[in-house]
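Q: Got a model open here. Can we walk through some contacts together?
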Amino acid sequence: MMIIRASALGEVMAPAKKAGELSAGAKTFVMKEFRRNLFGFREQVSTKEMEKGLFCEQAAIDLYNTVFFTDCTKNTKRITNDHITGECDIFTGDTVIDLKCSWCITSFPVFHRDAQDSGYEWQLRAYMMLLDCPKAVLAYCMVSTPEHLIRWEDPSIHAVDNIDPVKRVTRLFYERDAEKEKAIIERVQLCRDYYNQLADEYSAQTR
């Protein structure tokens with residue numbers, strides 16, 4: 001049975017042309033999952049932004065704690081229900097907090113309007129659903145990029161420790177929404193239906 005990762009939910013929830021259908025992007029996602037399962041492989045996807053996010057995870061948590069006088073620690077527990085699975089960065093008991101490390105100064109969202117990302121919002125809604133909690137925070141954190149990742153880029157847009165910490169965090173807040181969770185469940189079912197359709201098609205051509 002297909003379980004959707006919280007981090008991939010944005011692809012699945014992309015608007016479709018008609019109600020009750022999957023978008024082209026969602027169908028592509030399901031096709032990739034079918035191919036992975038058919039051949040038993042998981043490709044290793046890595047970008048410089050992803051590498052920084054992993055390498056600087058604790059630095060982002062430390063920055064968040066400094067700015068908001070909290071003592072948050074990294075969550076390491078993955079939760080799975082009948083439809084989705086995910087592991088948020090921080091869980092305080094009533095709030096999910098997910099941190100995103102900006103690549104450099106020029107990509108850091110200073111204004112809320114620049115921080116809006118539907119994929120990240122769906123990811124946070126998945127975490128609220130999994131953890132049965134009412135609130136979520138998306139926090140963009142700007143921390144210095146490790147030298148080995150900068151390579152040929154201008155180092156001055158990556159060295160940010162001298163900047164006021166308060167200026168280096170931008171937060172967006174979300175509240176749990178039952179209707180959107182219902183939409184998640186419906187869309188996951190559509191993905192499963194399409195996956196089964198692909199499986200039947202493949203089975204028919206290999207008889």
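Q: Which residues in α6 meet α8?
A: Glu121, Trp122, Arg125, Met128 and Met129 in α6 meet Lys180, Glu181, Ile184 and Ile185 in α8. Contact means heavy atoms within 4.5 Å. Helices (H or I, at least four residues) and strands (E, at least two) are DSSP runs, numbered from the N terminus.

Q: What classes of residue does that contact have?
A: Five nonpolar, no polar and four charged residues. Here Ala, Val, Leu, Ile, Met, Phe, Trp, Tyr, Cys and Pro count as nonpolar, Asp, Glu, Lys and Arg as charged, and the others, Gly among them, as polar.

Q: At what angle do α6 and α8 pack?
A: About 95°, with the axes 10 Å apart. That makes α6 roughly perpendicular to α8 (65 to 115 degrees; under 35 is roughly parallel, over 145 roughly antiparallel, the rest oblique). Axes are lines fitted to C-alpha atoms, for helices over the stretch in contact, and angles run from 0 to 180 degrees between N-to-C directions.

Q: What kind of model is this, and how is it numbered?
A: A predicted one: local features need pLDDT of at least 70, side-chain atom pairs count only at pLDDT 80 or more, and totals for chains, interfaces and linings use all residues. Residues are numbered from 1 along each chain as its sequence is written, and side-chain values use heavy atoms, with hydrogens and water left out.

Q: Is Arg125 buried or exposed?
A: Buried, at 7% relative accessible area. Glu121 is buried too, at 17%. Buried means under 20%, exposed over 50%, partly exposed in between (1.4 Å probe, protein chains only).

Q: How many salt bridges does the structure hold?
A: 13. One of them joins the side chains of Lys48 and Glu153, at 2.7 Å, N to O. Lys48 is in helix α3 and Glu153 in the loop between α7 and β7, so the pair ties together parts 105 residues apart in sequence.

Q: New topic. Which strands pair with β6?
A: β5 pairs with β6 in the parallel sense over seven bridges. β7 pairs with β6 in the antiparallel sense, also over seven bridges. Strands pair if DSSP finds at least two bridges between them.

Q: How many of the residues in β6 are buried?
A: Six of its seven.

Note on methods: Salt bridge = Lys/Arg side-chain N within 4 Å of Asp/Glu carboxyl O.
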